[in-house]
Amino acid sequence: MAFAFTGPTAISVKQGESVSATYMASRTTKPYRKVNFSISGLPVGFTASFIPVSGTPTITTTLRITAAPISPVGDFFIRVNAKDAKSIKTIEVILSNYLNRPVDPPVETADYYVATAAGGGSDSNPGTISQ
């Protein structure tokens, strides 16, 4: 085992938004080989990227997951992988996607008036307005 791989095992995101998580490949024994990061099991409606996508341990990478506005809601099991020439390390992650509801606009209240005819009402005396 030339490296250890650590990072979060749960990630939450809302529809139409992005989230970032940091993973680390740490040196354990020589030789230190280049490690490539990848993700598997990502559901339709999500995209993922690593920055950087590879490097020599000890190295940290930032995983960025973006959920499309119409991505499925729920919990999904994905795998975050780190692979060198001799071995692969995997962290199983629960990806939770929540409904992103728009904020309801404030309720507007309005004063209203009722027109009533006083004394029968006519064109010359339309009546009074009361609140």
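1. In this predicted model, a search of the whole structure finds 4 aromatic pairs. One of them joins phenylalanine 46 and phenylalanine 76: the ring centres lie 5.8 Å apart and the planes meet at 65°, so the pair counts as edge-to-face, the cut-off for that class being over 60 degrees. The pair links distant parts of the chain, with phenylalanine 46 in strand β5 and phenylalanine 76 in strand β8 (residues 74–83), 30 residues apart. Both phenylalanine 46 and phenylalanine 76 are buried.

2. Further aromatic residues deserve mention. Phe5, Tyr23, Phe37 and Phe50 form one aromatic cluster. Two charged side chains also lie over ring faces: arginine 27 over tyrosine 32, at 4.6 Å from the ring centre, and lysine 89 over phenylalanine 3, at 5.4 Å from the ring centre.

3. An open sheet of 4 strands runs in the order β1-β3-β7-β5, with antiparallel pairing. Its edges are β1 (3–6) and β5 (46–51); each has a single partner strand, so one side of each is left without a neighbour in the sheet. From one strand to the next, the twist averages 20°. Within this sheet, strand β3 (residues 18–27) and strand β7 (residues 59–67) pair in the antiparallel sense over 8 bridges, and alanine 21 has leucine 63 in β7 as its bridge partner.

4. An open sheet of 5 strands has the order β2-β9-β8-β4-β6, and its pairing is mixed. Here β2 (10–14) and β6 (54–55) stand at the edges with a single partner strand each, so one side of each lacks a neighbour in the sheet. Strand β4 (residues 35–40) pairs with β6 in the antiparallel sense over 2 bridges; serine 54 in β6 is the bridge partner of asparagine 36.

Definitions and conventions: Residues numbered from 1 in each chain as written. Predicted model: local features only at pLDDT ≥ 70, side-chain atom pairs only at ≥ 80, totals over all residues. Heavy atoms only, no water. Pairing = 2+ DSSP bridges. Axes fitted to C-alpha atoms, helices over the stretch in contact; angles between N-to-C directions. Phe/Tyr/Trp six-rings, centres within 6.5 Å; stacked < 30°, edge-to-face > 60°. Buried < 20%, exposed > 50% of the residue type's maximum accessible area, 1.4 Å probe, protein only. Lys NZ or Arg CZ within 6 Å of the ring centre and 35° of its normal.
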